[in-house]
Amino acid sequence: MRGVGALVQDLLVDDGWKTAEPWTPLRRDLTETVGDPSVRIEVIGPEQAHVRTAVQRASFDGSLFTDERRHAMAAGLPYADARCLVA
């Protein structure tokens, strides 16, 4: 039986997402126009870290993600060109 994660990944790939390196589970090429998702999407910067961490804690039982951990993650080199989006 396939897990929920596999189903989610299949659905995202069907919608144009691409799998990439192991530490980047999903990425999407934004050189072409992306259709309107019918939700408001915001880039979350350091001043909204509490929003990002609250979404993750609400989404994953037992998540220990904190504002401090989000700041540490965002300060790392792999995050240099990344953007955190919340819908």
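Let's start at strand β1, which covers residues 42-43 and includes V43. Keep in mind that this is a predicted model. V43 is exposed, because its relative accessible area is 52% and the cut-off for exposed is over 50%.

So what does V43 belong to out there on the surface? V43 is part of a nonpolar patch. The other members are V39, I41 and L85, and together with V43 they have about 360 Å² of accessible area.

Now look at E42 and R40. How far apart are the closest N and O atoms of E42 and R40? They are 2.8 Å apart, and the two residues form a salt bridge. As a general point, side chains of opposite charge can pair when their charged atoms come close. Here, R40 is exposed, with a relative accessible area of 64%, while E42 is partly exposed, at 35%.

Let's step back and take in the whole chain. How many helices and strands does the protein chain have? Three helices and two strands. Reading from the N terminus, the order of the elements is α-β-α-α-β. The protein chain has 87 residues, and buried ones make up 14% of them. As for the surface, the chain exposes about 7100 Å², with 58% of that supplied by carbon and sulfur atoms. And for those of you who like contacts: taking those between residues at least 6 apart in sequence, 36% join residues at least 24 apart.

My last stop is the loop between α2, residues 49-59, and α3, residues 67-75, where you will find L64. S63 lies in that loop as well. Is S63 buried or exposed? S63 is buried, because its relative accessible area is 18% and the cut-off for buried is under 20%. L64, on the other hand, is exposed, with a relative accessible area of 60%.

Which residues does S63 touch, once we leave aside its neighbours within four places in sequence? S63 is in contact with Q56 and R57. For L64, we can look at a distance to T53: the two are eleven residues apart in sequence, and their C-alpha atoms are 9.0 Å apart in space.

Terms used. Residues are numbered from 1 along each chain as its sequence is written. This is a predicted model: local features need pLDDT of at least 70, side-chain atom pairs count only at pLDDT 80 or more; totals for chains, interfaces and linings use all residues. Side-chain values use heavy atoms; hydrogens and water are left out. A salt bridge is a side-chain nitrogen of Lys or Arg within 4 Å of a carboxyl oxygen of Asp or Glu. Buried means under 20% relative accessible area, exposed over 50%, partly exposed in between (1.4 Å probe, protein chains only). Patches are made of residues with over 30% relative accessible area and no salt bridge: like charges are joined within 9 Å, nonpolar side chains (Val, Leu, Ile, Met, Phe, Trp, Tyr) within 5 Å. Accessible areas come from the Shrake-Rupley method with a 1.4 Å probe; for residues, only the protein chains shown count as cover. Helices (H or I, at least four residues) and strands (E, at least two) are DSSP runs, numbered from the N terminus. Contact means heavy atoms within 4.5 Å.
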